[in-house]
Amino acid sequence: MSTQATARAADRLRTDEPAPRPGRDRGNGGRHGAVASWFDDRTGIAGPMRYLMRKVFPDHWSFMLGEVAMYSMIIALLTGVALTLWFVPSMGEVHYDGPHAPLNGILMSEAYASTLQISFEVPGGLLIRQVHHWSALFFVAAIGMHMARVFFTGAFRKPREINWVIGTVLLLLAMIEGFAGYSLPDDLLSGTGLRVMEGFVQSTPILGSIISYLMFDGAFPGHIIIARLYMAHILLVPALLIGLFTAHLALVMVHKHTQYPGPGRTNDNVVGFRVMPVYAAKAGGFFFIVFGIITLISGLVTINPVWAYGPYDPSPVTAGVQPDWYMGFADGALRLLPGWLEVPVGSWTLSLNVALGSIVLLPVVFTLAGAYPFLEAWITGDKREHHLLDRPRNRPVRTGIGIGAIIAYLVMFFAAGNDIMAIKLGLSINDITHVLRFLFFAGPIIGFWVTKRICLSLQRADRELALHGKESGRIVRTADGEFREYHEPLSDYEMWNLVGYESPEPLELTDGRDAHGVAAPTGRSQKRRAAWSRFFFKDRVAPVTPAELHEAHAHHDQASDRALLAREDVHHDEILEDAHH
């Protein structure tokens, strides 16, 4: 038998590390250094950790939106773990006997009774519930705002298309997670929401009633839906969220962070702070700021007071019931759909008046959102990597599309409260619904057109500013008697934002034939691509070229004007001094 020394797996992870200097021991950093060396000898973690600690992140307030989402998720997870110690996910019925006197003796589910116990009997339980609910709302809002920032600045372009898709799925999962948690207390409000969800499921063509039966294990409400929602809320969806969030952060590390354009910033570098020690300290402080703000709001603003609603009873119809804001657009879409979309087909009835706003809306919206980076890349034919962000004004069509989508969302969101608006404003609910239906189609178009024109106007203003400088309001008289206004030159930082961008030209439309007159197999696809390219880039303002900039500066002769003004300023100061004496 012979033995042969082989390299350890941990050593192979350190093949690219520099060799330790002679005379130094890997564990001579004291007790902590010895522990670190022990782990490194067995895991090879020193190299990856060194890479992570040296990672550079740019510093801009808009990048904190993603951090708010991450911190809110962590807060929701921590408070959710605490709530599981007392919450009972059961629909078994009990008679309430607790400190909230108005509900004493009322028959209710164990889920609702345990929620009341957490709210009134567990020390700090109500605050934990409030923090958990508010952090979930912050989580969904922060993801939405973070995605809006990514969209308007073009941060989804190569190589970040996969991360954009992950973010889209994260937003959908966050909404599902929020709805599941919102339904767990089994109060009258959440039970009504479950009833609405059951109606959504039943509107699925052909399979709706079967899916509903399997989901509730019988007719609504059944006896098992709370336990199933609890399993999804604390196990299945959180596992998916944590896994996708981890993948999202890993891809950020691999691709490096995007940054706004400016002097010294290129596609090949990142200008900012390293993780250690600056960025980690700032991120840690920001986490506690977010935690503090959520806790402050939770202590001052009541949300979801389940004791005011009472236990769920399928018989009452509760007026003014609305879901949490992030699901409001689905409820609003349901209210905007006309009733005549219920179509009988043979022995079946297609309830499109419900299905289009519920079962169809969410998949369509999130599929279109996830596919947008690939659509734009196909239109532009741009295969390059992009690590510098766009100014929204320099991409007027993309910005207009984003504003149009936001307007469509807001119309559906306000439609979810059409009954409340009718009561408070003293108007007809039918008139409000008709106006909102019109705005759903006309609002995004008008918003797109107005946004596009504003972006083009801002580009033209930037072009004039780059060519001629800032208007100073001071008039210069030259030696030959000419009067002209002095324009102050821009600094390099100001000039960079005005001229450092690309404005693609629309693709040329060909006849779809090659040099031999043979029709290309991709001719029809190229025609569609050229049409989309004209839509995106037909109205464009070309960035200022160096030749145009040199010609404009030579025409204004800013150097001589500055010299004349400087001489006049000195002469003016001498006159004032003589007058003073």
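Student: What percentage of the residues of the chain count as buried?

Tutor: This is a predicted model, and of the 581 residues in its chain, 41% count as buried.

Student: How many helices and strands does the chain have?

Tutor: There are 21 helices and eight strands in the chain. As for contacts between residues at least 6 apart in sequence, 75% of them join residues at least 24 apart.

Student: OK, on to packing: at what angle do α4 and α6 pack?

Tutor: Helix α4, residues 64–83, packs with helix α6, residues 125–153, at an angle of about 155°, and their axes are 8 Å apart. Angles over 145 degrees count as roughly antiparallel, and α4 and α6 are therefore roughly antiparallel to each other.

Student: And is that crossing left-handed or right-handed?

Tutor: The crossing in which α4 passes α6 is left-handed.

Student: Which residues meet there?

Tutor: On the α4 side they include Leu65, Val68, Ser72, Ile75 and Leu83, while those of α6 include Ile128, Arg129, Phe138, Phe139 and Arg149. By class, this contact of α4 with α6 has 15 nonpolar, seven polar and two charged residues.

Student: Switching to α11, how far does that helix reach?

Tutor: Helix α11, residues 275–300, has 26 residues and reaches 35 Å from its first C-alpha to its last, which is close to the 38 Å expected at 1.5 Å a residue.

Student: Which of its residues are buried, and what covers them?

Tutor: In α11 the buried residues are Val275, Tyr279, Ala283, Phe286, Phe287, Val290, Ile294 and Ser298. What covers them includes both α4 and α6, along with α3 (46–53), β1 (56–57) and β4 (273–274).

Key
Residues numbered from 1 in each chain as written. Predicted model: local features only at pLDDT ≥ 70, side-chain atom pairs only at ≥ 80, totals over all residues. Heavy atoms only, no water. Axes fitted to C-alpha atoms, helices over the stretch in contact; angles between N-to-C directions. Helix = DSSP H or I, 4+ residues; strand = E, 2+ residues; numbered from the N terminus. Parallel < 35°, antiparallel > 145°, perpendicular 65-115°, else oblique. Left-handed = near helix turned anticlockwise from the far one by under 90°. Contact = heavy atoms within 4.5 Å. Nonpolar A, V, L, I, M, F, W, Y, C, P; charged D, E, K, R; others polar. Expected span 1.5 Å × (residues − 1). Buried < 20%, exposed > 50% of the residue type's maximum accessible area, 1.4 Å probe, protein only.
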